[in-house]
Structure formats: C-alpha cells, structure tokens
Amino acid sequence: MPDLDLPFARAAHYRAAHRRAEPGLVGDLLKEHGTKVLVVRGNRAAIARQRVALLPPDDVAHLGVGLHLFLGEAEGVAYLAAVLADADAEPDLDVEWAGLRNFDEPDLEQGLVVEAIALAQWHAVNTHCPRCGTRTEVTQGGWVRHCPTDGTNQFPRTDPAVIMAITDVDDRLLLARGPQWGPGRRSVLAGFVEPGEGLEQAVVRETMEEVAVVVDPDSIEYRGSQSWPLPASLMLGFRARATSTRLVRQEDEIAEADWFTREEMAAAVADGHLGLPGRASIARSLIEDWYGARIED
Ligand SMILES: [Zn+2]
C-alpha cells in the first residue's frame with residue numbers, strides 16, 4: 001500500500017508515555033533550561049520566523065499559562081505545551097498565531113503541534129467529571145483528569161470518522177459540496193462512526209445517507225489515517241467502489257454531488273471551477289491517490 005501524504009501523521013518525536021506518571025514531571029521540566037515549550041492559544045500555536053516557536057521555559061513563565069502538557073521527547077530534549085488560560089487576551093509575546101490549516105512544518109514541529117492542539121482541545125471542553133459534575137484535576141502531564149469526589153479518571157478522547165474516495169464502475173470519483181462551502185469547493189464524503197458500528201459499516205452507511213449510492217462492502221480498502229483535532233477527530237481514509245451511480249442528495253448535508261473522470265476533474269481545477277481541499281487534509285491525499293499524481297491548485 002503506497003503511503004498517502006499525511007502531514008499530521010509525520011511525527012518525529014517520542015511521546016514517552018512512561019514518564020507521564022513521574023511525580024512533579026512538569027514542574028521539573030520547567031526548571032530545566034533545555035526544555036522547549038510550544039505555546040497554544042485556543043486552537044492556534046505560536047509561530048516565530050515562519051516556524052513553530054519552541055521557547056525556553058523562562059520565556060513563557062509570565063504568560064498566564066492555564067495548563068502545561070507533556071508532549072514527549074526528541075534527541076534528548078523534552079517538549080511541553082503551555083496552554084494560555086485566556087485565549088482572547090493578547091499575550092506579551094513577539095509571535096504570530098497559526099491554526100492547523102496553515103502548518104507546513106518539518107515533521108518534529110508538525111507532530112508536536114497536532115498533539116498539543118488535540119490535547120488542549122480535549123481539556124477545553126472536559127473540565128468536569130461526567131459522573132458527578134465535580135471539577136476534575138489535571139494529572140499525568142496533562143494526559144489524565146482525575147475526579148477528587150468519586151476517584152474516577154478521564155482520558156483524552158479521539159472520535160473516529162471515516163472519509164472515503166468512492167468510485168463508480170467507470171472509475172469516476174464522487175466529489176460533493178457541503179452546504180456551507182463556497183461555490184466550486186468539492187471533497188470526498190466523510191462522516192462520524194456511530195456507536196456500535198464498524199468502519200466498513202460507517203463507509204457504507206454514510207455514502208447511502210448522503211447520496212443514496214450503494215457501496216460494495218468487499219471493495220472497501222483502507223488507505224491511511226491522520227488526526228484532525230478540531231475538535232477531536234481521527235480521520236480514517238478509505239477507497240471503495242459503488243455499485244450504483246444515481247445520486248440523490250441528503251439536502252441538509254450535501255449541496256452538490258457529481259461523478260468526475262480524471263480529465264474532467266483536472267480541467268475543472270485548471271480553469272478555476274473546482275476547488276479541492278487543502279494540501280494538509282487527508283481528503284486531498286485520497287483525491288490525489290485516486291488521480292495518480294499530485295494536483296497543482
Ligand atoms: Zn466525579
């Protein structure tokens with residue numbers, strides 16, 4: 001299976017999960033000058049001189065950090081994320097702020113950023129115990145939230161979503177437009193896996209729900225995965241063959257849907273009538289995987 005080009009799956013660091021339980025881990029690492037700190041503000045990360053800013057602990061101590069997260073290690077250096085307590089306040093730091101869509105960084109930085117933003121997003125909306133409502137305490141370097149009332153632990157979650165390049169018997173690709181997307185924007189279908197469902201079942205169900213196309217379950221082929229942590233998705237990419245071609249849109253989810261030959265898609269992209277998903281997305285990789293080559297915008 002050739003690899004898809006998946007920028008958020010290119011991590012070059014070691015998460016060093018065994019260290020998370022070390023007593024005082026974060027406090028100790030903040031005292032070490034060699035530690036590098038990535039600053040997270042809401043769903044964005046600090047950038048300096050076109051690169052992810054990896055700062056010494058002293059440079060972030062004054063910033064109003066709400067949460068420190070242990071990201072892992074690379075080549076003897078420990079990496080933390082400092083999540084600012086108030087994402088709306090302008091911090092006293094000479095950096096710019098970039099969201100995941102804007103990242104095209106070396107593997108180490110790319111992997112650290114996606115881990116930091118994913119974990120920060122989980123903390124942002126999981127502040128209280130789901131059993132008893134008590135505010136939970138952050139432990140294990142940011143990898144556990146503990147309830148002091150009933151003693152239960154909460155762990156970071158990621159929600160599986162399937163994304164699929166569906167082709168017909170003539171090997172045309174199905175490209176659809178969501179109702180909120182601008183004119184001409186198209187992508188492959190995607191949807192969340194439901195409780196009690198397998199991945200292949202989700203591919204078949206979502207395709208039927210969104211465009212009423214029948215997928216041959218035996219044709220479903222896994223192609224690769226990457227995190228999309230806004231808020232908490234793991235995108236699992238597939239190719240599959242449809243046994244029907246008539247498209248009936250579920251109108252609240254799909255504004256347009258059509259089958260494209262490679263020539264039709266390339267011509268529509270070239271003349272500006274078709275806009276494909278961004279280069280960092282697994283959707284783009286799946287489309288190029290079917291097309292057989294990189295597509296220039
Ligand atoms: Zn509780």
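This is a predicted model: local features need pLDDT of at least 70, side-chain atom pairs count only at pLDDT 80 or more; totals for chains, interfaces and linings use all residues.
**Figure 1. A212 in the loop between helix 3 and strand 14****.** Phi of A212 is positive, about 60°, although A212 is not a glycine. Most residues other than glycine have a negative phi.

**Figure 2. R49 in the loop between strand 2 and strand 3****.** R49 also has a positive phi without being a glycine, with a value near 50°. The loop around R49 runs between strand 2 and strand 3, the latter spanning 51-52. R49 counts as exposed because its relative accessibility is 76%, and exposed means over 50%.

**Figure 3. The cis peptide bond from L230 to P231****.** Omega of this bond is near 10°. Most peptide bonds are trans. P231 sits in the loop between strand 14 and strand 15.

**Figure 4. The whole chain.** The chain has 297 residues, of which 47% count as buried. Its secondary structure consists of five helices and 16 strands. Along the principal axes, the C-alpha atoms fill a box of roughly 60 × 45 × 35 Å. Of the contacts between residues at least 6 apart in sequence, 64% join residues at least 24 apart. The accessible surface is about 14700 Å², and carbon and sulfur atoms account for 48% of that area.

**Figure 5. The largest pocket and its lining****.** The volume of this pocket is about 1000 Å³. Its lining has 41 residues, and those nearest the centre are I163, W181, S187, A190 and M235. By class, the lining holds 21 nonpolar, 10 polar and 10 charged residues. At least two lining residues come from each of strand 11 (159-167), strand 12 (173-177), strand 13 (189-192), helix 3 (199-211), strand 14 (221-228), strand 15 (233-241) and helix 5 (282-291). Strand 13 gives the largest share, four residues.

**Figure 6. The second largest pocket****.** Here the volume is about 370 Å³. The lining has 21 residues, and R15, E115, A118, T158 and S227 are the closest to the centre. Helix 2 (107-125) and strand 14 each contribute at least two residues to this lining. The largest share, six residues, belongs to helix 2. The lining divides into 12 nonpolar, six polar and three charged residues.

**Figure 7. L38 in the largest nonpolar core****.** This core has 28 residues, and L38, F103 and V113 touch the most other members. Two or more residues of the core come from each of strand 1 (36-41), strand 2 (44-48), strand 5 (65-74), strand 6 (77-84) and helix 2. Helix 2 provides the largest share of the core, nine residues. Beyond four places in sequence, the residues touched by L38 include A45, V52, L54, L71, L80, L112, V113 and A116. Another core, of 21 residues, lies apart from the largest one, and L6, A161, L286 and W290 are among its members.

**Figure 8. Helix 5 and the elements around it****.** Helix 5 is mostly covered, with nine of its 10 residues buried. Among the buried residues are I282, L286, I287, E288 and W290. The buried residues of helix 5 pack against strand 11, strand 12, strand 14, strand 15, strand 16 (256-260) and helix 4 (262-270). Just after the helix, G292 has a positive phi of about 95°.

**Figure 9. E288 within helix 5****.** E288 counts as buried because its relative accessible area is 13%, and buried means under 20%. Neighbours within four places in sequence left aside, E288 is in contact with R279, A293, R294 and I295.

**Figure 10. R10 in the segment before helix 1****.** Helix 1 covers 25-31, and R10 belongs to the segment before it. R10 is partly exposed, with a relative accessible area of 25%. Leaving out residues up to four places away in sequence, R10 touches D5, D104, E105, D107 and Q110. R10 and L112 are 102 residues apart along the chain, and their C-alpha atoms are separated by 9.9 Å.

Terms used:
Residues are numbered from 1 along each chain as its sequence is written. Side-chain values use heavy atoms; hydrogens and water are left out. On a 1 Å grid over the protein atoms alone, a cavity is a set of points where a 1.4 Å probe fits but cannot get out, and a pocket is an open set with protein on both sides within 12 Å along at least five of seven lines; lining residues have an atom within 4 Å of a point. Grid points are joined across faces, edges and corners, and a volume is the space filled by probe spheres set on the points. Ala, Val, Leu, Ile, Met, Phe, Trp, Tyr, Cys and Pro count as nonpolar, Asp, Glu, Lys and Arg as charged, and the others, Gly among them, as polar. Buried means under 20% relative accessible area, exposed over 50%, partly exposed in between (1.4 Å probe, protein chains only). Contact means heavy atoms within 4.5 Å. Accessible areas come from the Shrake-Rupley method with a 1.4 Å probe; for residues, only the protein chains shown count as cover. A nonpolar core is a set of buried Ala, Val, Leu, Ile, Met, Phe, Trp, Tyr and Cys residues joined through side-chain atoms within 4.5 Å.
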